[in-house]
Amino acid sequence: MSGDPPDWFSQGMPHIWLPYTQMKTEAPPLPVIRTNGSRITLADGRELVDGIASWWTACHGYNHPHIRDAVIRQLGEMPHVMFGGLAHEPALTLARRLAALLPDGLDRVFFSDSGSVAVEVAMKMAVQFWLNQGVSHRTRFLAFKGGYHGDTFATMAVCDPEEGMHTLFADVLQKQVIADLPVDTSSREAFNALVDHHAQELAGIIVEPLVQGAGGMLFHDADVLRTLRAAADRHGLLLIFDEIFTGFGRTGAMFACEAANVVPDIVTLSKALTGGTMGLAATIAKSSVFDAFASDEPQRALMHGPTFMGNALACAAANASLDLFATEPRLEQVARISAALSRDLEPCRDLPGVRDVRVKGAIGVVELDRIEDMGELKRRFVAAGVWVRPFRNIVYLTPAFMIGEEDLKRLTDAIVSVLKDYCLGAR
């Protein structure tokens, strides 16, 4: 950090607990005072081009006036009201619009506050779907190596158990069935055998469609999802697509399930749902799932209800975000970004220590054999005027869709330049 930090930073840091951070050894965070478009302004006046859209959420860029104005209007009318026994227009309008955007049949929307909770709700729905039918032994899930679904206890159990972030809790978590993605003949045969063996104890199968995000930005094709759909249908299992990362245009289509032409039984959404403005998530189920909860017996209802479920401010932001997808050329912008990433990250492929360069939609990935000094690599990106946040052995870009050509080129040039120095030994 250049210069003295502002008072609010110096006085507040001794009291904050940061995410994913060893606070004894890692550098302190950068104090931010303003955002706009694809730019982050620091307290010392430096401006960074944001390459990851605040963990993939700010798909329209920061401070979009249409979303801002919608939130201001809603704040003047009603910031929040409990969703138990009451309802309001922003939430019901958003539910209707999401159902209309998703494939036919996905038409019952349950709102929550975060992606992890949305996945927990999906898992809870799947287990109770069977319990409500008198089936008590279908309580486990089949998930995949390379997968990430959240940091809560239930979601940690369906993440990749070898990924490292959650291994400390391995003996505490419920034991789920973890498989390799069926990407070829041998892994497909192994997957089908595993499903057949565990089918009677499984409530469902959960996967991130087309891209496994925080597990390593790993790509797979639509044939994998068709294999999962066939296995789920063969045994009557519920298929859950976690589209928290892939939803809202990130892979090139509005939703990954749409691009793959595979319809899940339950889908989870969050992150870009509000355009990165506020926390909101949704778990959307087919009518056939919802119908298992419709009964004269109260205990068969879905007994879940986050306090800020269906928050009116967040729903107003989400409706405004959907307006922008309808009125501005977001998917065309994603295609433009995809072409630029494919072209401008390609020089990294020839660098020593680079294992792969891959692009899907507005996701660009440079995979290294390893990153030995993560802190130094992060510092070099900041010095280059960009906000790029590598993890594990991955350097990636997931920019806002409206990013200008100059800012996008600044991001890709920074990655090529920084990794060239890093990989050639200037470490």
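**Stop one: a pocket**

About 440 Å³ of space lies in the second largest pocket. This is a predicted model, so to speak of local features a pLDDT of at least 70 is needed, and side-chain atom pairs count only at pLDDT 80 or more, while totals for chains, interfaces and linings use all residues. Residues are numbered from 1 along each chain as its sequence is written, and side-chain values use heavy atoms, with hydrogens and water left out.

A pocket here is an open set of points on a 1 Å grid over the protein atoms alone, with protein on both sides within 12 Å along at least five of seven lines; lining residues have an atom within 4 Å of a point. Volume is the space filled by probe spheres set on the points, which are joined across faces, edges and corners.

Select V109, F110, F290, L302 and M309: of the 18 lining residues, these lie nearest the centre of the second largest pocket. Then colour α4 (89–101), β4 (106–112) and α10 (287–290), each of which supplies at least two residues of that lining. β4 gives the largest share, four residues. (Helices are DSSP runs of H or I, at least four residues, and strands are runs of E, at least two, numbered from the N terminus.)

The lining of this pocket splits into 16 nonpolar residues, one polar and one charged. Nonpolar covers Ala, Val, Leu, Ile, Met, Phe, Trp, Tyr, Cys and Pro; charged covers Asp, Glu, Lys and Arg; the others, Gly among them, are polar.

**Stop two: a cavity**

Next, pick W56, I244, F245, G247, F248, R250, K271, A272 and F401, which line the largest cavity. A cavity is a set of grid points where a 1.4 Å probe fits but cannot get out. This one has a volume of about 30 Å³, and its lining holds six nonpolar, one polar and two charged residues.

**Stop three: cysteines**

How many disulfides are there? The count is zero, taking a disulfide as a pair of cysteine sulfur atoms within 2.5 Å. For C257, the nearest cysteine sulfur, that of C59, is 17 Å away. Now go to C348: its sulfur is 7.7 Å from the closest cysteine sulfur, in C423, too far for a bond.

**Stop four: positive phi**

Finish with W55 in helix α2 (residues 53–56), where phi is near 55 degrees. M217, in the loop between β8 (211–212) and β9 (218–219), has a positive phi of about 50 degrees although it is not a glycine.
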